[in-house]
Each structure stands twice: as C-alpha cells, then as structure tokens.
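Student: I'd like to go through this model with you, one question at a time. Shall we bring it up?

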Amino acid sequence: MRNVVPILAVLGAIVALWYAVVAPMNIRGALDMAERSGAEVVPAESRARFEQSVWRLMVNNPDYIAAGYSLDRPRLPTPQQVGQELWKTTGEMALKGRPMSKRSLIYHGWITLQSTLWGFVLGTVLGMAGAIAIVYSRVVDMSLMPWAIISQTVPIVALAPMIIVLSSQVGIEGRGVPKAIISAYLCYFPVLVGMVKGLRSPGVAQLDLLKTYSASGVQAFLKLRLPASMPYLFTSLKIGIAAALVGTIVGELPTGAISGLGARILIGDQFGTPLAIWAALFAAAILAGVLVTLLDVLQRLTLRRMGMQA
Amino acid sequence: MQDVAEASVLDQSSTSPVISAQGLDLTFETNDGPVHALSGVDLEIGKGEFVSFIGPSGCGKTTFLRCVAALETPTGGTLTVNGMTPDAARKARAYGYVFQAAGLYPWRTIEKNIALPLEIMGYSKAEQDVRIAQVLELVELSNFGKKYPWQLSGGMQQRASIARALAFDADILLMDEPFGALDEIVRDHLNEQLLELWARTEKTIGFVTHSIPEAVYLSTKIVVMSPRPGRITDIIESPLPKERPLDIRDTPEFLQIAHRVREGLRAGHAYDD
C-alpha cells in the first residue's frame, strides 16, 4: 500500500507533463483550423505564423490554446484522445462482436503476438544452444561470441528488408516466418549472454565437489549448471521477449506489411492519422508489459518451487 | 601415559597406510615462473588416524589434500590412497571431501543436498533415504532435512556438508578448513562434534586448518608445513588420549604440543625474510 503513492505520483507527473506539452505542440494546428473556419488569429497568415515561435503564438492567441486539445489530427494527441482511440479500436469493437476486424487492434496485436512468440521460442532455443556450446567449448567461445556481439551492432531496420527479400527468394510465402526470424535475431542475444553467465555461475569449489563424486559432464550440467542458471535465464527471457516484440514490429515496419501493430504505425504515418499511430504504440507497450509480467510470474513460481528466495 | 599413546600409534602404523606419499612434488608453471607448491613431501597416514595439516598460506596443505583427492596431479614422487592411485581411489569412492564453503545447492533441501552424491553414484531411492537419515542423525540435523540451506545457520550448513561427504561410506574424510569461516564458539562446538563423529565412524580424517588449538585438539598427528617451497617441517604424534573434553586444552601436555607446533611454524617462517 505504501508503494501506491510514489507509483501514482510518477504516473501523475508523466501525464501532467504530457498535457502541458500538448499546448505548444498543437497551437499551430489549432490556429490553422481557426483560420480556415474564418476566425481571427494573430498573425492571420499561415506563412507568417510559421516564422514565429510556438510560445509567441500561444501568448498572442490564448483563446485558441484549448482548441489544441481536441484536434482530429494533432501533432501530439492528449492521453485522453489516445485512450479513446485505443478503446474504439479494441474494447468497443469487441463489444460490437468484431474483435478480429481489420480495423481492430486486437486483430493486429494478435498478428504481432504470433510472430513475437515464434521469434521468442526460436531465439530462446538458439540462445540456450549457443550458450551451452560456448560454456563447454573454448573454440566455440572464441569463434561464436564475437559474431554474436557483431550481430547486435547491425541495425535491425537495415537487416529486416533483406531478411524478407531473402526468405521470399527461397520460396517462403507470407510474412510470418521472416518476421519471426527478425524477432529471434533480436531475442537470442540476451538469452545467450544471460545463459552463458548463468551456466558459468557455479564456483570452482562447486565443480570440484562434483569431480570428487566422479560425476559425468551430463550430470554436472543437469544437477548443477542448469539449475544454477535459472535466475539468469528468467532475467534474460524477460529482456528477450521485449526484444522479440520490438523485432516483430520492426519487421512489420519497412516491409509493406498490412497487418500487425508495426503496419498500423506505418499506415498511420502515411495517412496522417497520429491517433492511430499512438494507439498502436500503446497497444504494443501494453502487450510487452503483459508478456514481461507473465514471465515474471512464471519466474516467481519456478524459483519458489525450487526453494530459492525470489 | 605418553608411552601408551605412542604404543597405540605404532599399532596403527603397523597395518598398511591408507595414504602414503613419497617424495611428492607439485610445481605449477605460471607466468612469473614455476611455483613449487609441494616439494619432497613424505607422509604416511594410517587407518583411523586424525591428521591435521597446519601452516601459513601457500605452504601446500590444501594442495596436498587436493592431490589425495585427485583434484591436482603431482609432478613428481608417488602417492597412493588405499594402495591405489588417487584417480582409482576416487572412482572407488575412497573419500568424501568437505570444502571451506559448505557449498550446498540453494535449490535443494538439506536431504536433497545429501542425496546429491548418492544420485550421482546411482544408489536406489530406498537406499538413499536410509543413508540420509543415518548421516543426518550423525551430524544432529535430523529435524532439518526438509529445510533449505538459507534457513540454516553457517555452522549447521557446514554440518550438512559433512553429512553429504559421509553419505556414501567413504572411509577417508578430507576436510579443507571446514570451520575456517565460523566464529570461535560455533567452531569449538563443531570440533567436539567432529571428534565424537570420528570416534563413532572410525574414519581416517585429513584436516587442513590455520588454527593451532584446533589442530592440537583434534589430531592424532599434526603435520606442520611451510611455504616456498611447500614442504613438511615437523610431524608431531599427539600423546593426547582419544577421549578429549574441551578443557583438555588447558593441560600442560596440550600446551606443550601447541608450543611445538608454534616453533615449527616459526622455523618455517624464517625463510620469508
């Protein structure tokens, strides 16, 4: 209960700042609207207004500041507008019985979620396999690890179209597979790094103890290294699934996709509908939050079952 | 009385030694040149003896124990454990090893921690349960089997790790500063318990320590070592009786041995400067 106050205070500060910024961001739009409907604004010419700072416009036209909070196509929508748009494209559509309409963010979110989960599974498997290979082989450690690091320095936005083109070249239909690959590309790295650290976390004494039992490598892995790596694994998975979601959205952005949250963001940009962009952004953030929270719950349950204090 | 004690020691050494080292050398090659961790170590340990290794850091006392456990490979000399090479002895489950840190797995209960070597060695579940109950009773932790390590004090954790080393019936117990991280009161208590346990199980114990009173109180034989190169400077057969209440540490015999250990350590240290 004591935590609620600071959490609400931070949230309140963010929302307040947001509302405060809306006024200067939207004053030009509000004045343009007013001019078109025949009202008198200072200066009257759109071109002349362009020369002036937003602050000066606000001082000269205080009556129109409020109008900036209810524009149809605002530079920066208010939290309330975003919330309404989000509701209109999710809850309201679901109530109307059309949750999977092409205009519904539930539909687009589902498309994105599918690719994200496939990418997450693929990335996690690759990351864990890579980590095991690195921990058990010095050669792999020295040859694979640098490439893993280099792979993350290449901007994914540059790589995404190539992956899509290449996968259509080898005859893969649709965007599901390439999107999952892009998603896995971002997701495997935190899993790899976390698992390497986790598998290496048992100390020399722990490994020596197993040696005194003449334990086999497989036994040492299953009884010591793997359980010891669990806290590291879950931390990595949480980062990994957020990265997988970003990967999927990036995979939907520059590639002409028409469904998925990334496509909604791009289409919103092309058609000048900022509300759609913001609603899709928030849908993505909420989706990421839900996924990370689910993993967090899974982590707590697993570690508690293992008797470790989480 | 001293004669009687020495006579019994003679009896023990008349049977073939459990651990026997002759001219044992171990040199580590490092970037700063070779480090002589062990040099010309000759030692025989008879069945049922309690042998302490004492000396400053770098004197090779832990290294010697690790050689016996086949965790290090000597570069010269011979070393046998139960008449076998250390490697073969390990495979024959000749010894249990207790490290300075209890090293219990936090994700296993105390019972499951003790079960660890038994699982690896392939004991049946029923056999595991019997043995776990036995060793828990031996270290007086019978009511704590279902607890997790973090629920136990440091001393109890170390007792659990001793139970783990005893679980598979090795007749040698190698202990590397097992009580080094514990406070003196807990340590006294554990020392007393360890002597009882030794008397009941008749194990052969190799015990590395920094503490002179601990070495003298526990041992039938005290091996004093010194560094650079790691070697034995004195071997003291203790004349103290097997029954040792804590206040034996105030008797003249006890103080006399402690004095001799201290002299041995000092002689070794003269090399330093």
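Student: Which residues of α6(B) are buried?

Tutor: Happy to start there! This is a predicted model, in which local features need pLDDT of at least 70, side-chain atom pairs count only at pLDDT 80 or more, and totals for chains, interfaces and linings use all residues. Residues are numbered from 1 along each chain as its sequence is written, with chains lettered from A and ligands numbered from 1 in the order in which they are written. A residue is buried if 20 or more other C-beta atoms, placed from the backbone, lie within 10 Å of its own; in α6(B) that holds for Met156(B), Gln157(B), Gln158(B), Arg159(B), Ala160(B), Ser161(B), Ile162(B), Ala163(B), Arg164(B), Ala165(B) and Leu166(B).

Student: How far does helix α6 of chain B reach from its first C-alpha to its last?

Tutor: Helices here are DSSP runs of H or I with at least four residues, and strands are runs of E with at least two, numbered from the N terminus. Helix α6(B) covers residues 154-166, which is 13 residues.

Student: Which strands stand at the edges of the open sheet in chain B?

Tutor: Six strands line up as β5-β6-β7-β3-β8-β9, with mixed pairing; two strands pair if DSSP finds at least two bridges between them. Two of the strands have a single partner each, so one side of each lacks a neighbour in the sheet: β5(B) and β9(B).

Methods
Expected span 1.5 Å × (residues − 1). Buried ≥ 20, exposed ≤ 12 C-beta atoms within 10 Å, placed from the backbone.
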